[in-house]
Amino acid sequence: MLKFIVKFLKALNSNSHPGEIAHAVCLGMLLGFLPKDNIFWYIITVFVLFMRINKGALVLSTIGFTLLAPLFDSIFDNVGYWFLTLPQLEPTFAWLLDIPFVGFTKFNNTIASGSLLCGLVLYIPLYVIARLLVWLMRNKIVPVLRKTKFIVAISKVPLVKKMVAIAAKKD
């Protein structure tokens with residue numbers, strides 16, 4: 001876990017593209033919101049392995065959004081119920097239920113479909129916000145924080161020195 005935190009903090013201040021970090025946060029939101037027994041979760045996870053994104057940011061955001069997901073279950077349930085009861089889509093859903101292996105998607109679960117829809121709708125706004133936060137962190141916050149007495153003092157702690165040594169190593 002320490003290695004992921006170090007990689008994430010290193011990526012925030014490195015020359016990596018801010019879009020890589022922002023996409024990692026957004027995909028972490030999708031993974032965090034989706035139920036873990038859903039095949040969409042596994043498909044997105046395999047898809048993410050082939051993408052050029054910051055894996056540390058992905059893991060940390062997945063953990064964070066997984067912890068937040070139960071707070072939004074009622075919203076996911078309402079959105080999923082609304083979507084699954086649309087009269088125009090009833091024939092499509094009935095047809096999908098007859099296809100083998102489609103049941104593994106659990107699309108007929110209101111929380112699963114609602115969390116997927118909410119994650120897809122929130123992807124672009126979260127991307128913009130995450131990219132803005134990376135820019136703010138790199139250009140405004142970190143230069144100010146490096147000069148504070150607290151950061152100078154904490155950089156002398158052995159655990160922090162170890163983290164800095166891990167970050168200094170080449171990947």
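Helix H2 (residues 18-33) packs against helix H4 (residues 55-68) at an angle of about 35°, and their axes lie 7 Å apart. The crossing of H2 and H4 is right-handed. This is a predicted model, in which local features need pLDDT of at least 70, side-chain atom pairs count only at pLDDT 80 or more, and totals for chains, interfaces and linings use all residues. Residues are numbered from 1 along each chain as its sequence is written, and side-chain values use heavy atoms, without hydrogens and water.

**Overall make-up**
- The chain has nine helices and zero strands. Helices (H or I, at least four residues) and strands (E, at least two) are DSSP runs, numbered from the N terminus.
- Of the 171 residues in the chain, 32% are buried (under 20% relative accessible area, with a 1.4 Å probe and protein chains only).
- Among contacts (heavy atoms within 4.5 Å) with a separation of 6 or more, 80% join residues 24 or more positions apart.

**H2 with H4**
- Axes are lines fitted to C-alpha atoms, for helices over the stretch in contact, and angles run from 0 to 180 degrees between N-to-C directions.
- A crossing is right-handed if the near helix is turned clockwise from the far one by less than a right angle, and left-handed if anticlockwise.
- H2 contributes Ile 21, Ala 24, Val 25, Leu 27, Gly 28, Met 29, Leu 31, Gly 32 and Phe 33 to the contact, and H4 contributes Ala 57, Leu 58, Ser 61, Thr 62, Phe 65 and Thr 66.
- These residues divide into 10 nonpolar, five polar and no charged. Ala, Val, Leu, Ile, Met, Phe, Trp, Tyr, Cys and Pro count as nonpolar, Asp, Glu, Lys and Arg as charged, and the others, Gly among them, as polar.

**H2 with H7**
- H2 and H7 pack at about 145°, with axes 8 Å apart. This crossing is also right-handed.
- The H2 side includes Ile 21, Val 25 and Phe 33, and the H7 side includes Ser 115, Tyr 123 and Arg 138.
- The contact of H2 with H7 has 17 nonpolar, four polar and two charged residues.

**Ser 115**
- Ser 115 lies in H7 (residues 110-146). Ser 115 is buried, at a relative accessible area of 1%.
- Beyond its neighbours within four places in sequence, Ser 115 touches Phe 33, Leu 34, Pro 35 and Phe 76.

**Helix H3**
- Trp 41, Ile 44 and Val 48 are the buried residues of H3 (residues 39-49). They cover an arc of only 70° around the axis, so they sit on the same side of H3. The arc is that of the directions from the helix axis to the C-beta atoms.
- The buried residues of H3 pack against H2 and H4.

Methods. Buried < 20%, exposed > 50% of the residue type's maximum accessible area, 1.4 Å probe, protein only.
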